[in-house]
Amino acid sequence: MLFRRASVLLIALGVTLFAFVMAGPRAGLLMLVGIGFGLVLEGLRFGFAGPWRMIVTDRDGRGLLAQLIAIALVAVVAFPLLAANAGELAPAHAPVGIAMILGAFVFGMMMQLVMGCGSGTLVNAGSGNLVGLIALAGFIGGSFAGSLHLGWWTGLGSLPVLSAQGLFGDNLGLILTLAGLALVSALTLARAAPGKRMPPRRLWIAAALIAALALANLVIAGQPWGIVYGLGLWGAKIAQAGGADLAQTAFWAAEGNATRLSSSILTDVTSLTNIGLLIGAFAVMRWRADPGAPAQALTLASYGAVLGAALILGYSARLAFGCNVGAFFSGISTGSLHGWVWLIAAFAGSTLGIRLRPHLLRPARTEGAYA
Amino acid sequence: MSTRLSRPIVGLLALVLTAAILALDLAQSGPPDLFSAPSAIALGSGAAPEGAHCTGS
C-alpha cells in the first residue's frame, strides 16, 4: 500500500512539475488547483448530477444545499474582487438565448443518462468508472462538434449579455444573487424529507474547499472555473491532427480560439484544471485501501447509449455556454443571468433524464457483461 | 464471456487517454514559449485576462 500511495503522490507532483517547467508558474499552480478539485470532489463525494437526482427521487436535499452554499461563498468574495479588479479578472458572463436554454435543458437530461455532468465525467473517469471513461470520450467529441455549429445556434436569437452587476450594480447585484440562492435553498428544504435537509459535516467542508479552490482559480487564472472549453479544445486538437482545417470554421478562426488552437494545451486554463481534476480523482481512488468494486456492468447497447448521450452532453454544453461548472457554478457566483436560466432549464431536463435512465441503461447479465 | 475491468485499470486508461492527447498536442503545437508565459497570478499582474472560457463564443 505504501508503494501505491507513494506512486500516486509522485504522479501528482510530477505532473505539476511538468506543467511548471513546460509552461511556467501559472500552469503549475492551475494544475495544483485542478488536482485539488479532483481530491475534494472524489474524496468528499461532492457532486452535481447526483444531488439533482436525489432531491427528485429521494427527497434528499443535502447535496444540492451544499452546492448552493459553495456558490454563495464564492459570490461573496468574487463580486467585490471582480468590481475592484475589472482589468485583471473576468466573470463567467454569457447571453441568454434560445439555443442556450435548449442546450441547458438537453445537458440536464443527458447528465442523468451518463451519470455525470462536466466535472462528474472527469471525476468518474479518473476514479475508474467505465461509464465515465466512455462519457469523457463522447464529451470531448460533442463539445468540439458543438463549437462548429455554435454560430448557427446563437443566430436563432439571444439577448445581450445581462448580469446582476450590470442590472443592479455591484452591491445590490450581490445581495440579489444571495437572495436568489436563499430562495432556491428554501425550495430545496421544502422539498426535502425530514432528516435529509441539513448537509453532513463532510459536505460543509467540501463546499468550503470547493469555494476556496474556485476563488484560487479566479485569482490565478483571471477567470472562473470552467470545464467545457478545455474538452472542446482537445477535440479540436485531435481533429486538426487528423487533417481538419479548422481555420475555415468561424469558432476556431476567432482570434482568442485560434490562439488557443495553435498553442499548447498547457497554456489553456481549463485544460490544465481538467487534467488536474482527473489526476486528483485517480489519486483518491488509488489512495484508498480498497478502490471499490467496478461500476455495475451494462449491456453493450447501453454503453452505446452512454457514448451517444455523452456526445449530446458535450454538444449541448457548448450551446449552453457551459456546464454545471462554467454556467451554473461560475455563472451564478460571478453574477451572470445565464447561470440562473441554465439552472432552471437544466433542472427541468435533469428531471426528465431521471425518468429516461432506466429505459436506456440496462444492467447486463453476468454472461456477456462489460464493465 | 465476462469482461470486468477493475477501477484502477479504467482510471489508468483515463490517464493514458489524457497523456496521449497531451503528447499529440505537444507534437503538433510544440512546447510553450516560457519567455512569453504569464505571471504566476493574474490578480495584481496588471495584465488583462486572456484565457478562453466556456462562456465565450
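Two residues are taken to be in contact if their C-beta atoms, placed from the backbone, lie within 7 Å. By that criterion, in this predicted model, the contact between the two chains draws 71 residues from chain A and 43 residues from chain B. On the side of chain B that touches chain A, the residues divide into 25 nonpolar, 15 polar and 3 charged.

Within chain A, helix α7 covers residues 130-154, and its 25 residues reach 34 Å from the first C-alpha to the last, close to the 36 Å expected at 1.5 Å a residue. Because 19 of its 25 residues are buried, α7(A) is largely enclosed by the rest of the structure.

Two loop residues of chain A deserve a note on their backbone. Arg59(A) is not a glycine, yet has a positive phi of about 50°, and its place is in the loop between α3 (49-57) and α4 (62-84) of chain A. Met115(A), also a residue other than glycine, has a positive phi near 60° and is found in the loop between α5 (98-113) and α6 (118-126) of chain A.

| Residue | Phi | C-beta neighbours within 10 Å |
|---|---|---|
| Arg59(A) | about 50° | 15 |
| Met115(A) | near 60° | 22 |

A residue is buried if 20 or more other C-beta atoms lie within 10 Å of its own, exposed if 12 or fewer, and partly exposed in between. Arg59(A), with 15 such neighbours, therefore counts as partly exposed, whereas Met115(A) is buried because 22 other C-beta atoms lie within 10 Å.

How values were computed
Residues are numbered from 1 along each chain as its sequence is written. Chains are lettered from A and ligands numbered from 1 in the order in which they are written. This is a predicted model: local features need pLDDT of at least 70, side-chain atom pairs count only at pLDDT 80 or more; totals for chains, interfaces and linings use all residues. Ala, Val, Leu, Ile, Met, Phe, Trp, Tyr, Cys and Pro count as nonpolar, Asp, Glu, Lys and Arg as charged, and the others, Gly among them, as polar. Helices (H or I, at least four residues) and strands (E, at least two) are DSSP runs, numbered from the N terminus. The expected span of a helix is 1.5 Å times one less than its number of residues.
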